[in-house]
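Open the model in your viewer and keep the selection tool at hand. The tour moves from stop to stop.

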Amino acid sequence: MASKGFSRSRSLQQKAHRIIPGGSHTYAKGDDQFPEQAPGFIVRGKGCHVWDLDGNEFIEYGMGLRAVTLGHAFEPVVEAAHKQMILGLNFSRPAKLEVDLAESFLELIDGADMVKFAKNGSDVTTAAVKLARAFTGRDLVAICGDQPFFSTDDWFIGSMEMNAGVPKAIIDMTLKFRYNDLPSLEELIRKHQGQIACVLLEAEAMFPPAAGYLEAVRKLCKEQGIVLIFDEMITGFRWHLGGAQKFHGVTPDLSTFGKAMGNGFAISALAGKRELMRLGGIDHDQPRVFLLSTTHGAENHALAVALETIRVYRENDVVGYLWRQGERLKGLVNRSILENRLNGHFEILGRPCNLVFATHDRNRQPSQAFRTLFMQELIRRGVIAPSFVVSYSHSDADIDRTAEAVFEAHRVYRLALDEGIEKYLAGRPVKPVNRRFN
Ligand SMILES: Cc1ncc(COP(=O)(O)O)c(C=O)c1O
């Protein structure tokens, strides 16, 4: 419960905004993403529990932007990191671990022959785009416009509302198609015949693919000489240990992973077919592709952590657990929706391993104010939930406690629908990250 108030957080927030643009280093963690009555800073976490600067304890969801899938300070992972740290982190030749992890990773990803590791998801989606351009000799990139994020680099940021600073020439090279709408992709390809290097999408995000959709995208790309890239940053290690590509049985040419593979440590991967990946190597006669070469790319403790994370996933059916706990939570939230008469006003969406919620106002229109109110009421009851994305550390007891908090938050939601939200919301509503002006 947030019974200790937020006074320490409040005063540190002022300093944070004075010395850090936005007051934090990740937009999704920013003050504009949370209610005013929310913890400003977290000081420690264990499992799915966190403690804020004022000493309040919370159950957390979507930990580390969906990266911390096993749990905060998960002991086998921390031990693996520590064991490696005392052996050294970064040498002048590759570490043996680089090969060990490559081997272990490629055992999981059926259609991939080679892999390269980096630190952030953005590094690897950008590398995939560059490799596709080099391989095809084409400049244009087709991305799924219904999916929110692929990279911090200009080729993607140029396609957002918040694209100040990206040159128009770069903006013009990224085109958008719609998910589950094959004609929208066909039309793009027709309009830019022979110019599209790659099609990039998450095989699945909020909604499942329509029957045959991914297969048709696969076939179209093959026919048109376009490189198909699946972004598995969220789906990887969550839908299936072999990614959404395994779950749906469709193999892309390249795929990118990050987040869950390091349980919060910085590591990402570009995996794919040899004929493409080898262009980043030193044994071919084509123009060389600068494919992921960074000072910290193979930081040894992150590699050791990824190896250990894969071991834990394999030995414990972590993915099965995520699906089961998500299903349990979804059932309880849906019951609360019924009991509080919130049908059409509150919705739980997505696969059980990756649940989010949608909030609608009295007129059933999407509402940031009601999102804020719901989060505010959960925080009051000891739950931080920008989503309902569970981890391997969310026990039955945590899910039950969450469900109780959801029921009470829904009760207030109903009152706010009936009596006006102004009476219940303390402060301004949250705003989407992707907006042009403040
Ligand atoms: C689907 C997807 N792709 C790529 C990225 C970028 O990853 P990173 O933030 O590690 O650079 C994200 C980040 O949220 C993501 O959700």
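How many nonpolar, polar and charged residues are in the lining of the second largest pocket? The lining has 12 nonpolar, 9 polar and 6 charged residues. In this count Ala, Val, Leu, Ile, Met, Phe, Trp, Tyr, Cys and Pro are nonpolar, Asp, Glu, Lys and Arg are charged, and the others, Gly among them, are polar.

Before going on, note that this is a predicted model, where local features need pLDDT of at least 70, side-chain atom pairs count only at pLDDT 80 or more, and totals for chains, interfaces and linings use all residues. Residues are numbered from 1 along each chain as its sequence is written, and side-chain values use heavy atoms, with hydrogens and water left out.

**Stop one: the pocket**

Select Pro94, Glu98, Val115, Lys116 and Ala298. Of the 27 lining residues, these lie nearest the centre of the second largest pocket. Helix H4 (96–108), strand E4 (114–118) and helix H11 (274–277) each give two or more residues to the lining. E4 gives the most, with 4 residues. The pocket holds about 780 Å³ of space. A pocket here is an open set of points on a 1 Å grid over the protein atoms alone, where a 1.4 Å probe fits, with protein on both sides within 12 Å along at least five of seven lines; lining residues have an atom within 4 Å of a point. The volume is the space filled by probe spheres set on the points, which are joined across faces, edges and corners.

**Stop two: the ligand**

Now select the ligand. Around it are Asn120, Gly121, Ser122, Phe149, Phe150, Glu202, Asp231, Met233, Ile234 and Lys259, each with a heavy atom within 4 Å. This shell has 4 nonpolar, 3 polar and 3 charged residues.

Zoom in on the ligand's oxygen atoms. One is 2.6 Å from a side-chain N or O atom of Ser122. A side-chain N or O atom of Lys259 lies 2.9 Å from an oxygen atom of the ligand. Protein covers 81% of the 390 Å² of accessible area that the ligand has on its own, by the Shrake-Rupley method with a 1.4 Å probe.

**Stop three: two backbone angles**

Go to Arg66, in helix H2 (residues 63–66). Its phi is near 75°, a positive value in a residue other than glycine. Next, pick Phe237, in the loop between strand E8 (227–231) and helix H10 (243–248). Phe237 is not a glycine either, yet has a positive phi of about 65°.

**Last stop: the whole chain**

Zoom out. The chain has 15 helices and 13 strands, taken as DSSP runs numbered from the N terminus (helices H or I, at least four residues; strands E, at least two).

Conventions:
A polar contact is a pair of N or O atoms within 3.5 Å; within protein, one must be able to donate a hydrogen and the other to accept it, and residues adjacent in sequence count only if both atoms are side-chain atoms.
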